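Hi everyone, thanks for making time. Let me put it on the screen.

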Amino acid sequence: MKHTIASIAAAVAVLSGGAALAEYPEKPVSFIVPWPPGDLEDVLTRMIAEDFQKEYGVAAAVVNKPGGGGGPFPGAIEVATAPADGYTIGSFVIGVPLIGHEIGIPELTPEKFDPLGIFVTYPFVIVAGGNAPYDTIEEMAEHAKSNELALGHFGANLIPTRVTMAYAKAAGFEWGAEAAYPMLDCNTLASGDADVINTTLQLVLPCLDNIKVLASVTGERIPITPDAPTMGELVPALNISLWNGLFVHKDTPQDVRDKIIAVAEKTVMSERAQKLASETGAGVYWVGAAAAAEQIQTDMQTTATIESMLE
């Protein structure tokens with residue numbers, strides 16, 4: 001009997017020790033980017049994934065899950081429904097934590113995510129074609145009062161779109177039409193699919209000399225386009241920036257979070273990430289989990305004000 005008990009105890013000890021050695025990460029990790037490849041969050045998240053793989057010796061890859069007119073929410077659902085073990089990490093734009101749990105998506109309700117950190121502020125801009133009969137956003141607003149203008153955006157529920165719609169209300173005009181596109185770049189304007197688009201400067205840099213940047217949805221003017229005012233300058237209630245951060249399910253263990261954060265913070269402060277910032281006008285930095293959570297609360301108040309303007 002004593003021998004049997006001792007054997008069981010030894011087996012338990014071995015099994016427990018084995019479990020303790022199975023430290024995160026021990027299998028491939030996916031970073032879910034709910035947009036097509038090529039924009040800032042995609043490029044920077046790929047840098048993070050590359051460094052994660054080098055640091056921990058496991059495969060780490062970006063998986064693009066664009067949702068078209070549904071914005072980033074199909075990709076967010078994948079993170080929300082995956083096990084809370086750190087092997088499925090969300091690289092999410094501001095709209096996911098702010099409104100994802102409020103727009104009737106069961107998988108995202110109630111709030112499912114915690115921020116690990118914020119790492120980029122998009123140089124989000126409102127842009128018209130180079131042949132537009134207006135040069136400033138104020139002139140565009142006056143033109144729109146007697147001419148129908150079509151707006152292209154990434155999704156009706158997303159913050160840049162709401163800001164653009166709220167500006168129309170404040171400036172006293174209505175968009176003649178609006179539609180969501182999976183990609184908003186030089187081709188969107190050149191094809192005539194939209195008269196005005198809100199997108200990131202990164203996506204229209206190739207044709208910057210042939211378009212008109214009317215305004216930016218940023219806290220400060222973008223150095224590359226210093227003549228374009230921020231939306232907050234035009235209407236103080238619209239003072240909000242568009243950012244992207246890393247998120248995990250709320251049940252993810254802290255030690256797992258810490259390992260992801262350690263790599264991500266080092267990556268975004270690296271020379272190659274900061275070079276991307278200087279080339280695109282983006283803000284590339286690291287804001288930790290606690291400060292990121294505070295930023296989300298502040299932005300929730302701002303978005304509530306914006307929604308009240310749209311009523």
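**Starting from one asparagine**

The side chains of Asn 198 and Thr 164 are joined by a polar contact of 2.8 Å. Before I go further, please keep in mind that this is a predicted model. The side chain of Asn 198 also reaches the backbone oxygen of Pro 160, at 3.3 Å.

So where does Asn 198 sit? Its place is in strand E8, residues 196-200. Is Asn 198 buried or exposed? With a relative accessible area of 1%, Asn 198 is buried, the cut-off for that word being under 20%. Leaving aside residues up to four places away in sequence, Asn 198 touches Phe 124, Val 125 and Ile 126, among others. Its contacts also include Leu 151, Gly 152, His 153, Phe 154 and Leu 184.

Let's follow one of those contacts, Ile 126. The bridge partner of Ile 126 in E9 is Ala 215. Strand E5, residues 124-129, and E9 run antiparallel, and five bridges join them. Strand E9 covers residues 211-216, and six of its six residues are buried, so the rest of the structure largely encloses it.

Now to another sheet. Which order do its strands take? This is an open sheet of six strands, ordered E2-E1-E3-E10-E4-E11, and the pairing is mixed. On average, neighbouring strands here are turned by 25° against each other, ignoring direction.

Within that sheet, strand E1 (residues 29-33) and strand E3 (residues 88-93) run parallel, with three bridges joining them. Ser 30 stands opposite Thr 88 in E3.

What about the helices? Helix H2, residues 40-56, lies across E1, E2, E3, E4, E10 and E11, and runs at about 155° to E2. Helix H10, residues 254-268, lies across E3, E4, E10 and E11, at about 150° to E11.

How many residues are in the largest nonpolar core? The count is 103, and Phe 31 and Leu 246 have the most contacts inside it. Helix H6, residues 159-171, gives the most to this core, with seven residues.

Notes:
Residues are numbered from 1 along each chain as its sequence is written. This is a predicted model: local features need pLDDT of at least 70, side-chain atom pairs count only at pLDDT 80 or more; totals for chains, interfaces and linings use all residues. Side-chain values use heavy atoms; hydrogens and water are left out. Two strands pair if DSSP finds at least two bridges between them. Helices (H or I, at least four residues) and strands (E, at least two) are DSSP runs, numbered from the N terminus. Axes are lines fitted to C-alpha atoms, for helices over the stretch in contact, and angles run from 0 to 180 degrees between N-to-C directions. Contact means heavy atoms within 4.5 Å. A nonpolar core is a set of buried Ala, Val, Leu, Ile, Met, Phe, Trp, Tyr and Cys residues joined through side-chain atoms within 4.5 Å. Buried means under 20% relative accessible area, exposed over 50%, partly exposed in between (1.4 Å probe, protein chains only). A polar contact is a pair of N or O atoms within 3.5 Å; within protein, one must be able to donate a hydrogen and the other to accept it, and residues adjacent in sequence count only if both atoms are side-chain atoms.
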